[in-house]
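Please read it with the model open.

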Amino acid sequence: MSALDYFLKANLYGLLFAGCYWLFLRRHTFLTVNRAYLLLSAVLSLALPLVSLPTQTAGTFAVPMGVITLPVSGFATAPIEPTGPDWTLLSMWVYGLITFGLLLRLAIQSGKLIRLIRQSHRRVCDGYVLVLPRDQTTPTFSFFRYVVLNPADIHNDLILSH
């Protein structure tokens, strides 16, 4: 199996699992089940393209075949040169460029998030770090062990208990 086949199959499995999540699980509040499904689907979408099923039949029967001998012609055939673009190489380049662009976007957004956490006031609590940004438009969210709390939500104890 070539790398292009593997990436294509892995992306198709990922699309299938994401579609099933979107159809059946996105509105459920069972967060543990949703997380387990998403983690398992990510692992399966990477592992399933490596699985090959046997294609052997139960038994083989001898089929009588006749042999036909064709006369050999004296013409030598020239090797056929490809006239169009190499689609495999082109698709690998496009895939690589898209992957690089998405990784660059992820790095930029992660850098902005780390900068927000470092520039804001932090308070260490039991099991997490409470981050209080100065900007009133920053939404409330969590990132690993950091809880970024909008200044308008500072007196809402339900958010921290969740």
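1. Is Ser45 buried or exposed? Ser45 is buried, because its relative accessible area is 8%. The cut-offs are under 20% relative accessible area for buried and over 50% for exposed, with partly exposed in between (1.4 Å probe, protein chains only). Ser45 belongs to helix α2, residues 31–47. Helices here are DSSP runs of H or I with at least four residues, strands are runs of E with at least two, and both are numbered from the N terminus. A polar atom in the side chain of Ser45 lies 3.0 Å from the backbone oxygen of Ala42.

2. On the source: the model is predicted, so local features need pLDDT of at least 70 and side-chain atom pairs count only at pLDDT 80 or more, while totals for chains, interfaces and linings use all residues. Residues are numbered from 1 along each chain as its sequence is written, and side-chain values use heavy atoms, with hydrogens and water left out.

3. Aromatic rings come next. The whole structure holds four aromatic pairs. One of them is formed by Phe7 and Tyr95, which are stacked, with 5.0 Å from centre to centre and 20 degrees between the planes. This pair links distant parts of the chain, since Phe7 is in helix α1 (residues 3–25) and Tyr95 in helix α3, 88 residues apart. For a pair, the ring centres of Phe, Tyr or Trp (its six-membered ring) must lie within 6.5 Å; planes under 30 degrees apart are stacked, over 60 edge-to-face, and the rest tilted. Ring pairs also join Tyr6, Phe7 and Tyr95 into a cluster. Phe7 is partly exposed because its relative accessibility is 29%, and Tyr95 is partly exposed at 31%.

4. A charge and a ring meet at Arg26 and Trp22. The charged end of Arg26 sits over the ring of Trp22, 4.0 Å from the ring centre. The criterion is NZ of Lys or CZ of Arg within 6 Å of the ring centre and within 35 degrees of the ring normal.

5. Trp87, Leu90, Val94, Ile98 and Leu102 make a nonpolar surface patch of about 530 Å². Patch residues have over 30% relative accessible area and no salt bridge; like charges are joined within 9 Å, and nonpolar side chains (Val, Leu, Ile, Met, Phe, Trp, Tyr) within 5 Å. A salt bridge is a side-chain nitrogen of Lys or Arg within 4 Å of a carboxyl oxygen of Asp or Glu. Leu90 lies in helix α3, residues 87–119, and is partly exposed because its relative accessibility is 40%.

6. Met92 is in helix α3 and is partly exposed, with a relative accessible area of 31%. How far apart in space are Met92 and Leu4? Their C-alpha atoms are 6.9 Å apart, although 88 residues separate Met92 and Leu4 in sequence. Thr99 is also found in helix α3 and is partly exposed at 33%. Thr99 and Leu70 are 29 residues apart in sequence, but 52 Å apart from C-alpha to C-alpha.

7. Phe144 deserves a look at its backbone. Most residues other than glycine have a negative phi. Phe144, which is not a glycine, has a positive phi of about 55 degrees. Phe144 is in the loop between β3 (141–143) and β4 (146–148), and counts as exposed because its relative accessibility is 79%.

8. Thr137 sits in the loop between β2 (129–132) and β3. Thr137 is exposed, at 64% relative accessibility. A polar contact of 2.8 Å joins the side chains of Thr137 and Asp135. Such a contact is a pair of N or O atoms within 3.5 Å; within protein, one must be able to donate a hydrogen and the other to accept it, and residues adjacent in sequence count only if both atoms are side-chain atoms.

Note on methods. Areas by Shrake-Rupley, 256 points an atom, 1.4 Å probe, with all protein chains shown as cover.
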